[in-house]
Amino acid sequence: MLPADPLLGTEQQKIVARLWKRRQTETGWVFLVGLPSYRDLEDGSVEAAEYRGWVRAPQHVRPVDGVDYDQVVTERSERSPQSVVREVLGERRPSGWVLQKLRDGRGPTRSVLHAPDCEEAPAGAPLLDVDRALDAAEHPGTRLCTLRGAAQELTPLLRGFDHITDSAPDDS
């Protein structure tokens, strides 16, 4: 489909083109099509030609009824390692941590360290990188939230990985 051009006063137009190749991408399909055209020759005459270009499907092309496309070269994308990880693990949460300060009136300030997507994290609080989060976590008045993984992510960094044990009994 060719778009309408209000400046020239043309409406949207349909053109039949030849499909040369189709390629699957991470964002969808693109088709290499050949559009009929004409070209000027050096002797002043004109001959039929073809202009090839990639277009997005289905936004800009549709199949012609009754045409068999089985012989068209088709390149399917291999799933990237990132897409496989995303499929298995789901979308990644935002990186960083958020510190929520709790004031009880008297005594030292208490706080909770949350993952940024935790429903209990304060809105608009600045994101802390790992070093600042670890500094905050080492403060005696700070507890690590367990709802969205702050405790699971930061505890091994604070205490080392040796404190993590298997639940299976040791047969030795």
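The structure is a predicted model, in which local features need pLDDT of at least 70 and side-chain atom pairs count only at pLDDT 80 or more, while totals for chains, interfaces and linings use all residues. Residues are numbered from 1 along each chain as its sequence is written, and side-chain values use heavy atoms, with hydrogens and water left out. Helices (H or I, at least four residues) and strands (E, at least two) are DSSP runs, numbered from the N terminus.

**The sheet of β5, β6 and β7**

- An open sheet is formed by 3 strands in the order β5-β6-β7, and its pairing is mixed; two strands count as paired if DSSP finds at least two bridges between them.
- The strands at the edges are β5 (98-102) and β7 (142-144), each of which pairs on one side only.
- Neighbouring strands of this sheet are turned by 25° against each other on average, direction ignored, where axes are lines fitted to C-alpha atoms, for helices over the stretch in contact, and angles run from 0 to 180 degrees between N-to-C directions.
- Strand β6 (residues 110-114) pairs with β5 in the antiparallel sense over 5 bridges; along this pairing L102 stands opposite R110 in β6, and L99 stands opposite L113 in β6.
- On the other pairing, β6 and β7 run parallel and are joined by 3 bridges, with T142 in β7 as the bridge partner of S111.
- Strand β6 is largely enclosed by the rest of the structure, because 4 of its 5 residues are buried; buried means under 20% relative accessible area, exposed means over 50%, and partly exposed lies in between (1.4 Å probe, protein chains only).

**Helices α2 and α3**

- Helix α2 (residues 130-137) packs on the sheet and touches β5, β6 and β7, its direction making about 120° with that of β7; contact here means heavy atoms within 4.5 Å.
- Helix α3 (residues 150-159) lies across β6 and β7 and runs at about 115° to β7.
- The axes of α2 and α3 come within 10 Å and cross at roughly 75°, which makes α2 roughly perpendicular to α3; angles under 35 degrees count as roughly parallel, over 145 as roughly antiparallel, 65 to 115 as roughly perpendicular, and the rest as oblique.
- Where the two helices meet, α2 contributes V130, A133, L134 and A137, while α3 contributes L154, L157 and L158.
- Sorted by class, the contact of α2 with α3 has 7 nonpolar, no polar and no charged residues; Ala, Val, Leu, Ile, Met, Phe, Trp, Tyr, Cys and Pro count as nonpolar, Asp, Glu, Lys and Arg as charged, and the others, Gly among them, as polar.
- In α3, A150, A151, L154, T155 and P156 are buried, and the buried residues of this helix pack against β6, α2 and β7.
- Just after α3, G160 takes a positive phi of about 85°.

- Strand β2 (residues 28-40) pairs with β1 in the antiparallel sense over 7 bridges, and a hairpin joins β1 to β2 through 2 residues.
- Within this pairing, R18 stands opposite G34 in β2.
- Strand β1 also pairs with β4, here in the parallel sense over 3 bridges, and R23 stands opposite E75 in β4.

**Salt bridges**

- A salt bridge is a side-chain nitrogen of Lys or Arg within 4 Å of a carboxyl oxygen of Asp or Glu, and by this rule the count comes to 4 salt bridges.
- R23 forms a salt bridge with E75, whose closest N and O atoms are 2.6 Å apart; this pair links distant parts of the chain, since R23 lies in strand β1 (residues 18-25) and E75 in strand β4 (residues 73-75), 52 residues apart.
- Both partners are partly exposed, R23 with a relative accessible area of 30% and E75 with 28%.
- E47 and R39 meet through their side chains in a salt bridge (2.9 Å, N to O); E47 is partly exposed at 30% relative accessible area, and R39 counts as partly exposed at 43%.
- R52 and E50 also meet in a salt bridge (2.8 Å, N to O), and R52 is partly exposed with a relative accessible area of 41%, as is E50 with 36%.
- Salt bridges that share partners join K21, R23 and E75 into one network.
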